[in-house]
Amino acid sequence: MQTRTLGRHGPTVSALGLGCMGMSAFYGGRGSDAEATAVIHRALALGVTLLDTADMYGPHTNEVLVGKAIADRRDQVFLATKFGIKQEPSDSAARSVDGRPAYVIAACEASLQRLGVDHIDLYYQHRVDTRVPIEDTVGAMARLVEQGKVRFLGLSEASAATIRRAHAVHPITAVQTEFSLWSRDPQSNGVLDTVRELGIGFVPYSPLGRGFLTGAIRRPDDFDADDYRRQSPRFQGDNFARNLALVDAVTAMAQAKGITPGQLALAWVLAQGEDLVPIPGTKRLAFLEENLGALQVQLSPDELARIDAIFPADAAAGQRYADAAMATLDR
């Protein structure tokens, strides 16, 4: 397994991590816990060390699943989880963002119990609570480090200005943001430049465009009834058709190279810098091994230029979240 370092002075982890969200939440056809556990065990056997979950996935059930899966192999795992998005179990649409110091402490304790561990390796604020000074939130997170309950701190979907303020309180090890061929905001809004300046690692989530960049999704009806992507602007109407045309062009290039579209999309993300550690998610063994195959794909400067010509920045049609979710982003 290839490895990369999270930030200038951070921990060494596998060059690709595993996002566990889809094993429990949001995407349809979730399968069984036994199948998900088999994927986690296979990932670890193949050298993946970074596992990513969050308290709101389920809510709560994904942390329990991951905790049980790693119970007898904790020393193989660099475990990341997140707090800050509160979701009501009785109403999946009822969500709020909470960054109050007291909530930070309580959320961490609850995650430790669900995961069945005595410490979390990387603890992210899932969304920035703009009602609470980031200094207060990170100050509480820093106390968790002092207590040995957390090793490293991270932020998810934070703006460049917020990252700077947070890093001044306590070193931030990683920033997690959606980043892929069709979501390149971190390159244009200063986030990627900022984390590189400060020596912070960058963890792209949804590097496969929520599965769309694999070329396997051909129609909006391909999603199960409970799949949240049915409500996502990029998967609707004319946006879907325009984005599919982009994916088809990338697919043709991948086929000519003898790889899958997903491997091409992941190889493109990996080629954006050694400081990037993508966390593609899957709940299927075959897709796990396909994704890891992207580590063997080399893209020449000419190929990277051709990909950018086929799928230029800002080419994707539609915003990446529905309006309510976009409102929670720190921009």
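## The cavity

A cavity here is a set of grid points where a 1.4 Å probe fits but cannot get out, and its lining residues are those with an atom within 4 Å of a point. Keep in mind that this is a predicted model. With that in hand, what lines the largest cavity? The answer is Leu16, Gly17, Leu18, Val48, Pro280, Leu288, Asn291 and Leu292.

The structure holds one cavity of 30 Å³ or more, and the space in the largest cavity comes to about 40 Å³. Helix α10 (residues 285-292) gives the largest share of the lining, with three residues. Sorted by class, six of the lining residues are nonpolar, two are polar and none is charged.

## The sheet

Now for the strands. Seven of them make up an open sheet, and its order runs β3-β4-β5-β8-β9-β10-β11, with parallel pairing. At the edges stand β3 (18-19) and β11 (201-205); each has a single partner strand, so one side of each is left without a neighbour in the sheet.

Let's pick out one pair. Strand β5 (residues 78-83) pairs with strand β8 (residues 120-125) in the parallel sense, over four bridges. Which residue in β8 is the bridge partner of phenylalanine 83? That would be glutamine 125.

## One face of helix α5

Next up is helix α5 (residues 160-169), where Ala160, Thr162, Ile163 and Ala166 are buried. Look down the axis of α5 and you'll find its buried residues within an arc of 155°, so they line one face of the helix.

## A look at serine 96

Last, a single residue. Serine 96 sits in strand β7 (residues 91-97).

Leaving aside neighbours within four places in sequence, serine 96 is in contact with Gly84, Ile85 and Lys86. Take isoleucine 85: it is eleven residues from serine 96 in sequence, and in space the two are 5.8 Å apart, C-alpha to C-alpha.

Terms used. Residues numbered from 1 in each chain as written. Predicted model: local features only at pLDDT ≥ 70, side-chain atom pairs only at ≥ 80, totals over all residues. Heavy atoms only, no water. 1 Å grid on protein atoms, 1.4 Å probe; cavity = no way out; pocket = protein on both sides within 12 Å on 5 of 7 lines; lining within 4 Å. Points joined across faces, edges and corners; volume = space filled by probe spheres on them. Helix = DSSP H or I, 4+ residues; strand = E, 2+ residues; numbered from the N terminus. Nonpolar A, V, L, I, M, F, W, Y, C, P; charged D, E, K, R; others polar. Buried < 20%, exposed > 50% of the residue type's maximum accessible area, 1.4 Å probe, protein only. Arc of directions from axis to C-beta. Pairing = 2+ DSSP bridges. Contact = heavy atoms within 4.5 Å.
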